[in-house]
Protein chains: 6
Amino acid sequence: MTQLVFPEHANALGKAFGGQVMAWTDMCGGICAMRHVGGLAVTAAIDDLVFDRPLAVGDMVVLEARVNAAFRTSLEVEVGVWGETPATGARWKCVTALFTFVGVDEKGALRPVPALLPETDEDRARVEDATRRRAERLQRRKAPRA
Amino acid sequence: MTQLVFPEHANALGKAFGGQVMAWTDMCGGICAMRHVGGLAVTAAIDDLVFDRPLAVGDMVVLEARVNAAFRTSLEVEVGVWGETPATGARWKCVTALFTFVGVDEKGALRPVPALLPETDEDRARVEDATRRRAERLQRRKAPRA
Amino acid sequence: MTQLVFPEHANALGKAFGGQVMAWTDMCGGICAMRHVGGLAVTAAIDDLVFDRPLAVGDMVVLEARVNAAFRTSLEVEVGVWGETPATGARWKCVTALFTFVGVDEKGALRPVPALLPETDEDRARVEDATRRRAERLQRRKAPRA
Amino acid sequence: MTQLVFPEHANALGKAFGGQVMAWTDMCGGICAMRHVGGLAVTAAIDDLVFDRPLAVGDMVVLEARVNAAFRTSLEVEVGVWGETPATGARWKCVTALFTFVGVDEKGALRPVPALLPETDEDRARVEDATRRRAERLQRRKAPRA
Amino acid sequence: MTQLVFPEHANALGKAFGGQVMAWTDMCGGICAMRHVGGLAVTAAIDDLVFDRPLAVGDMVVLEARVNAAFRTSLEVEVGVWGETPATGARWKCVTALFTFVGVDEKGALRPVPALLPETDEDRARVEDATRRRAERLQRRKAPRA
Amino acid sequence: MTQLVFPEHANALGKAFGGQVMAWTDMCGGICAMRHVGGLAVTAAIDDLVFDRPLAVGDMVVLEARVNAAFRTSLEVEVGVWGETPATGARWKCVTALFTFVGVDEKGALRPVPALLPETDEDRARVEDATRRRAERLQRRKAPRA
């Protein structure tokens with residue numbers, strides 16, 4: 001998924017404003033999730049979204065997403081966002097984020113999602129990491145904030 | 001900050017789509033951050049953003065933000081989003097999220113932010129929690145993902 | 001209700017363009033009207049909308065609305081719009097406007113609206129003023145324009 | 001000026017929402033004002049904006065504007081908005097409004113506007129009516145609201 | 001149909017970006033087609049769309065459309081786009097384009113369109129030219145591209 | 001480049017409206033052109049844009065572009081648009097179009113574009129076809145329309 005940063009996406013500094021980048025990131029992750037699920041998927045949570053370097057008006061934006069792990073009705077999708085200067089082709093990392101999507105039917109009710117079959121050791125490491133992060137998330141949500 | 005959910009904000013299910021809610025959340029947190037900073041602030045990270053219950057077309061949206069803790073050049077802002085049905089006044093929690101904003105000058109360079117002076121025990125507990133979460137975030141960012 | 005002025009809201013002079021400010025004003029007044037009505041409300045008329053000082057890209061926008069008076073199926077809502085500079089916290093009045101909203105059901109048919117019970121002398125003065133303005137409006141609408 | 005009402009312009013009832021219609025009305029009036037002024041013009045005030053019948057998704061919108069009178073640095077522009085059903089060509093009046101625009105230079109400072117030379121008795125009646133309304137507006141602005 | 005070019009329509013060069021101009025052109029052509037058809041019409045093809053001179057932020061945009069010829073279920077609509085400088089009234093041609101629209105019913109199925117009755121020699125020449133272009137288009141579509 | 005069709009992109013039939021699809025197509029072609037050019041590129045012409053089957057709200061949109069041929073300051077870019085149903089993964093062709101982009105510098109002045117080196121027979125056939133189409137386009141532009 002690619003985009004161009006236009007003035008309509010910019011804040012007063014001439015950079016793509018945070019909410020716009022988040023909206024692109026959410027759409028890219030959602031398409032990835034829907035392709036894995038083979039149906040509708042909606043955003044349930046976002047963690048570790050980090051803005052590294054901003055995007056200026058005129059930059060190209062390249063977004064990539066992959067499924068890290070699939071659980072019963074949810075899946076963790078990792079999205080990366082890169083900026084690219086048309087004149088030089090130079091690329092830099094702007095954003096990384098971990099999305100949790102859940103599979104839903106047409107009425108919005110939860111639906112089981114297909115399993116993810118890891119093939120390589122790297123795949124398996126990613127599933128393990130995602131599984132641990134999921135446990136930590138559930139833990140954090142139980143502990144009420146002050 | 002309040003909004004109305006219009007069809008232009010909706011996904012194919014007639015609910016406000018995730019990216020739109022994130023954009024509102026970012027703007028609400030950003031205004032809160034800029035008021036504390038007394039200048040510009042941009043989004044550096046988002047964690048523990050959780051979607052609890054969706055917003056339908058026609059719902060009102062109420063957003064609230066508060067500064068949990070201020071560090072040297074960054075601050076943690078907690079944003080809550082509620083849905084409200086015009087006909088009944090019923091309210092429900094839709095989203096909570098923890099934003100990290102950084103103070104910047106007109107050229108985007110980091111700038112120290114004012115200290116937050118906690119007044120009550122609850123305030124102090126929030127600063128402590130935010131400080132611990134900040135350490136955990138920095139820890140997670142050091143550990144490279146598979 | 002608060003907003004940030006982004007380039008997407010600006011005219012060629014770098015100021016929020018009139019139609020955008022009017023759209024924010026209408027939304028703020030509409031939310032206020034729907035809360036009083038306890039149901040749907042749509043805009044019927046606007047009077048005495050005055051632009052005092054413009055909003056520039058980067059300014060924050062603060063909108064406030066209150067019900068001046070409720071009639072049988074309509075109510076007068078006064079909306080004020082202020083600009084705010086993030087760096088200094090300085091505020092200035094941008095716009096005031098008097099909206100007439102009518103209560104409607106899901107099909108758009110008129111519906112009676114709850115009475116407004118004035119509590120203070122100031123409240124009562126506002127009801128009186130709004131009642132007189134309503135009579136003048138109806139008078140103006142009867143006299144056909146050249 | 002013509003438009004089509006798309007879902008992106010609609011409220012939860014499937015009608016063009018008030019703020020969107022106001023934004024179209026403002027743009028139409030502004031173009032009319034800039035043509036008379038021969039330069040930039042910005043909205044200073046709106047009065048007697050009346051919504052008669054709503055616009056549904058799929059309707060065409062036809063907007064017309066004319067200068068009623070020109071004063072030293074301001075002019076009154078009357079805007080009419082009609083709905084039109086593509087299938088039948090039927091037209092109905094949706095909105096009328098009286099805008100006050102002021103001529104400005106590139107920095108936003110007030111600039112004198114060209115005189116309007118009425119040619120017919122009807123033209124002269126419009127100038128008279130607009131002149132009287134302007135006096136009433138200035139009168140209303142002097143009297144502080146409760 | 002008239003518009004003002006705002007920053008939200010601009011690319012990184014401060015000019016209305018191609019896709020925005022195309023969207024305006026499509027809407028103007030579509031309204032013209034629906035008026036001829038007396039019902040819904042959707043875009044089937046675009047040819048010979050040529051950008052002559054760009055539109056800058058602050059320019060006014062004037063669009064005009066006319067039906068060149070009507071066939072059984074389709075019609076060719078020619079759209080012209082002009083830029084206009086508010087300060088001087090100077091106009092220049094920006095875009096010309098030939099749209100093919102088809103008449104459709106509420107479910108999107110093709111519907112015959114009314115004949116166009118040419119009145120002048122110029123009208124007849126336009127019908128002839130459009131008929132020849134239509135034959136060439138169908139020819140080009142048969143020949144598969146490499 | 002991928003997208004999701006939301007209600008904000010739809011016409012009154014619940015399908016992505018022509019102008020929106022054209023805007024996506026233009027952006028996808030423009031990114032492809034800028035990558036080839038290694039700098040800015042703006043749309044000069046569009047031909048043979050054909051809508052085959054519409055996109056409904058909820059569909060995914062997949063866009064692909066490739067450079068067919070590069071001339072002195074212009075290049076022909078072919079863009080294809082496919083719809084994809086999330087539930088089944090089924091894909092269909094929606095749109096094909098031939099864009100002519102020109103390389104420009106920061107002030108919008110024409111700039112030579114790099115040559116395209118065809119490697120296979122298919123590549124060479126595409127260059128030949130595009131060269132012939134370019135000659136036909138220039139021919140058509142010389143012949144004034146009635």
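**Exercise 1.** Which residue of S2(F) does Ile46(E) stand opposite?

*Solution.* Start with the ground rules: this is a predicted model, where local features need pLDDT of at least 70 and side-chain atom pairs count only at pLDDT 80 or more, while totals for chains, interfaces and linings use all residues. Residues are numbered from 1 along each chain as its sequence is written, chains are lettered from A in the order in which they are written, and side-chain values use heavy atoms, with hydrogens and water left out.

Leu49(F) is the residue you want, opposite Ile46(E). Next, look at the two strands: S2 of chain E (residues 40–51) and S2(F) run antiparallel, joined by four bridges. That makes them a pair (DSSP must find at least two bridges).

**Exercise 2.** Work out how chain F and chain E touch.

*Solution.* First, take the contact (heavy atoms within 4.5 Å): chain F puts in 36 residues and chain E puts in 36 residues.

Second, get the buried area (accessible area, 1.4 Å probe, lost by two parts on being put together, summed over both). For this interface you get about 3,000 Å², with 56% from carbon and sulfur atoms.

Third, look for salt bridges (a side-chain nitrogen of Lys or Arg within 4 Å of a carboxyl oxygen of Asp or Glu). There are four between chain F and chain E; Asp52(F) and Arg141(E) form a salt bridge at 3.1 Å, N to O.
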